[in-house]
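Biologist: I'd like to learn how to read a protein model, one feature at a time. Could you walk me through this one?

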Amino acid sequence: RLDSISLGQGQGPIAERKLEQASKTGMWLLLQNCHLAVSWMPRMEALVESFDPAALHPDFRLWLTAMPSPQFPVAVLQNAVKMTLEPPKGLKANVSGSFSLFSDEQFEECKQVEAYKRLCFSLCWFHAVMQERRKFGPLGWNIAYDYSESDRDCCLKQLKVFLDKYDEVPYKVIVQLSGDVNYGGRITDDWDRRTMNTLLAEYVCPEAMEDGYLFSADENYKQPTMGSHKEFMATVQKWPIQPHPEAFGLHENADITCAQNEVKALFENVLALQPRVSAGGGLSRDDIIERTAESIHDKVPAPWQMLDVNKMYPIKYEESQNTVLQQECLRYNKLLIVMKKTLVDVRMALKGLVVMSSELDALSTSLYNNQVPAMWEGKAYPSLK
């Protein structure tokens, strides 16, 4: 009743045959990793659109799994029932979800039961910290990496293999494989790799095998007392729902950045969902953009005349600051020229005098939403104001 195939290079024709067969026999077909078969996606879209409800078997179902991909057919998404799987939010929910996959029977299968149970808990904690640090932006990781459950599962499977193979716990091997290979395979920034290895070395070590070992400066998060799987889960349920930044090794002020990022993301989503065409009275969207662009254009000063600047502040050995001043004037002129030009262009595009390019459309949307356009940010000074 159920057939599946993992898509990839050369799997398109096979999946097409299975799809045709399943639609006639009433089987359920699962196409996995659709994001790895981008070239076959248009063909799949054509096949789905060609389905005749009268000719399809009533028991036929088509399941698709994929990572977020811009190449995934929009028409298929619109006609499908969509389900998303996201990591749990919070250390408590994350560790609970990871450690709940185990049982006392699984722990007893390992040669070193106590070490396996404690290190499994440590690795589940490490996985939760790796994912939760992303919410702090650059304070957590310089680059937001998509750590998945497969990274965690691979580490846990390797842990059992090494504990069964050796009489003593090979901490160095576990840290090397889990850090530099499994999780480190996604990391491209050297400082992120250093941070990750430092965290892992604190969680997978001989001291972490003791009862009450603190995983962080927050005393709520520590190694549970040795007991059954149910007792471990009961300890996790006592953790606070909202973790303190100290649990991640960060200062308490990091919560301010986290809250600002969440509010900014919320407002951006709200703005993205609002209609682009006004349906009532008052100013239309184009009128608001026109008025905003005109107001900003009138306030933006003219670019600096570099000949005049050079006369007033000539470059001399005794006046080294004049060199810096001229360099700053040149940089500021680049921003002023871009602002002046784009504000004129977007007003002409609204009137239909020039083509509304994707850059001008993004600029008009930013002006409408009272946001700094990305085109200007590329020429401007870094600022949080």
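Biologist: Let's start with a location: where is the place of arginine 193?

Modeller: Arginine 193 sits in helix H9, which covers residues 190-203. Helices (H or I, at least four residues) and strands (E, at least two) are DSSP runs, numbered from the N terminus. Before we go on: this is a predicted model, where local features need pLDDT of at least 70, side-chain atom pairs count only at pLDDT 80 or more, and totals for chains, interfaces and linings use all residues. Residues are numbered from 1 along each chain as its sequence is written, and side-chain values use heavy atoms, with hydrogens and water left out.

Biologist: Is arginine 193 buried, partly exposed or exposed, and why?

Modeller: The rule goes like this: buried means under 20% relative accessible area, exposed means over 50%, and partly exposed is in between (1.4 Å probe, protein chains only). Arginine 193 has 24% relative accessibility, so it counts as partly exposed.

Biologist: Next, salt bridges. How many does a search of the whole structure find?

Modeller: A salt bridge is a side-chain nitrogen of Lys or Arg within 4 Å of a carboxyl oxygen of Asp or Glu. The search finds 18 of them. One of these joins the side chains of aspartate 146 and arginine 134, at 3.7 Å from N to O. Both residues lie in the loop between H6 and H7, so the pair ties together parts that are 12 residues apart in sequence. Aspartate 146 is exposed because its relative accessible area is 53%, while arginine 134 is partly exposed at 24%.

Biologist: Which residue forms a salt bridge with aspartate 151?

Modeller: That's arginine 186, with the closest N and O atoms 2.7 Å apart. This pair links distant parts of the chain: arginine 186 is in the loop between helix H8 (171-183) and H9, aspartate 151 is in helix H7, and they are 35 residues apart. Arginine 186 is partly exposed, at 32% relative accessible area, whereas aspartate 151 counts as buried because its relative accessibility is 8%.

Biologist: And what about arginine 347 and glutamate 290: how do their side chains meet?

Modeller: In a salt bridge, 3.3 Å from N to O. Arginine 347 is in helix H14 (residues 320-350) and glutamate 290 in helix H12 (residues 285-299), so the pair ties together parts that are 57 residues apart in sequence. Arginine 347 and glutamate 290 are both buried. Salt bridges can also form a network, and Glu114, Arg118 and Asp211 are linked in one.

Biologist: Now for pockets. How much space lies in the largest pocket?

Modeller: On a 1 Å grid over the protein atoms alone, a pocket is an open set of points where a 1.4 Å probe fits, with protein on both sides within 12 Å along at least five of seven lines; lining residues have an atom within 4 Å of a point. A volume is the space filled by probe spheres set on the points, which are joined across faces, edges and corners. Here, about 2,000 Å³ lies in the largest pocket. It is lined by 44 residues, and the closest to its centre are Ala66, Pro68, Met83, Thr84 and Leu85.

Biologist: Which elements each supply at least two residues of that lining?

Modeller: Strand S3 (61-64) does, and so do helices H3 (74-78), H6 (113-132), H7 (149-165) and H11 (254-273).
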